[in-house]
Amino acid sequence: MITFDKKVMNQTHIHLLITHLPIVGTALGAFVLIHGIWKRNKGTLIAAYNVLIVSAIGAGIAYATGEGAEETIEHLKGISKYLIEDHEEFALVSLIALILTGGVSLIGLFATLKNTSQVRRIALIVLAVSLISFGLIARTGYLGGQIRHSEIRTDTISPLKQRNDND
């Protein structure tokens with residue numbers, strides 16, 4: 001555990017900090033990749049692949065710390081088990097998508113460094129995969145936000161239902 005001024009940083013803190021990396025990083029990586037494809041700039045492609053790889057690693061860290069974050073909040077008043085479960089289930093789908101994104105980004109990185117004839121084709125494949133992954137990870141973040149942010153919930157949960165969820 002990391003400590004700052006006698007306060008302990010646990011998995012919940014890490015989860016909340018790192019969850020934004022795969023969301024923002026995947027979008028940023030896709031935009032940089034679009035620019036690299038458009039300008040036919042290998043340096044820009046390499047930068048995009050690195051951003052996407054770091055985003056995939058961030059998704060792994062976010063997923064790994066999710067259980068600890070759940071244990072911290074699942075018994076708090078007003079927290080719905082159903083919202084946590086929806087977030088957790090969708091997070092697995094997003095993790096798989098981002099692992100795939102990271103994997104094809106590695107292939108793109110090596111193809112670009114080796115200057116193969118498939119650089120553009122691989123970049124377009126990585127772009128498609130990264131855009132799909134962004135949609136999935138953005139949805140996962142939205143579902144996670146609903147756990148503590150009632151102002152973004154699409155449905156309202158009655159106080160009675162909230163009490164039953166905590167039982």
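This is a predicted model: local features need pLDDT of at least 70, side-chain atom pairs count only at pLDDT 80 or more; totals for chains, interfaces and linings use all residues.
Biologist: Which element gives the largest share of the lining of the largest pocket?
Modeller: The lining has 29 residues, and those closest to the pocket centre are His 15, Leu 16, Thr 19, His 87 and Gly 144. Two or more lining residues come from each of helix H1 (11-18), H2, helix H3 (42-73), helix H4 (81-114) and H5. The largest share, eight residues, is given by H3.

Biologist: Good to know! And how many residues of that lining are charged?
Modeller: Sorted by class, the lining has 13 nonpolar and twelve polar residues. The number of charged ones is four.

Biologist: Which hand does the crossing of H2 and H5 have?
Modeller: Residues in this contact include Ala 27, Ala 30 and Leu 33 of H2 and Leu 127, Leu 131 and Phe 134 of H5. By class, the contact has 14 nonpolar, four polar and one charged. As for its hand, the crossing of H2 and H5 is left-handed.

Biologist: What about H3 and H5: roughly parallel or antiparallel?
Modeller: Their axes lie 11 Å apart, and the packing angle is about 25°. Angles under 35 degrees count as roughly parallel. That makes the relation of H3 to H5 roughly parallel.

Biologist: How many charged residues are in the contact of H3 with H5?
Modeller: On the H3 side are Leu 45, Tyr 49, Leu 52 and Ile 73, which meet H5 residues including Val 119, Ile 122 and Ser 130. Nine residues of the contact are nonpolar and one is polar. The count of charged residues there is: no charged.

Biologist: One more, please! How are H2 and H3 arranged, roughly parallel or antiparallel?
Modeller: Their axes come within 8 Å and cross at roughly 165°, in a left-handed crossing. The contact includes Gly 25, Gly 29 and Gly 36 of H2, and Ala 48, Ser 55 and Gly 58 of H3. It has 15 nonpolar, eight polar and no charged residues. From the crossing angle, H2 and H3 are therefore roughly antiparallel.

Terms used: Residues are numbered from 1 along each chain as its sequence is written. Side-chain values use heavy atoms; hydrogens and water are left out. A crossing is left-handed if the near helix is turned anticlockwise from the far one by less than a right angle, and right-handed if clockwise. Helices (H or I, at least four residues) and strands (E, at least two) are DSSP runs, numbered from the N terminus. Contact means heavy atoms within 4.5 Å. Ala, Val, Leu, Ile, Met, Phe, Trp, Tyr, Cys and Pro count as nonpolar, Asp, Glu, Lys and Arg as charged, and the others, Gly among them, as polar. On a 1 Å grid over the protein atoms alone, a cavity is a set of points where a 1.4 Å probe fits but cannot get out, and a pocket is an open set with protein on both sides within 12 Å along at least five of seven lines; lining residues have an atom within 4 Å of a point. Axes are lines fitted to C-alpha atoms, for helices over the stretch in contact, and angles run from 0 to 180 degrees between N-to-C directions. Angles under 35 degrees count as roughly parallel, over 145 as roughly antiparallel, 65 to 115 as roughly perpendicular and the rest as oblique.
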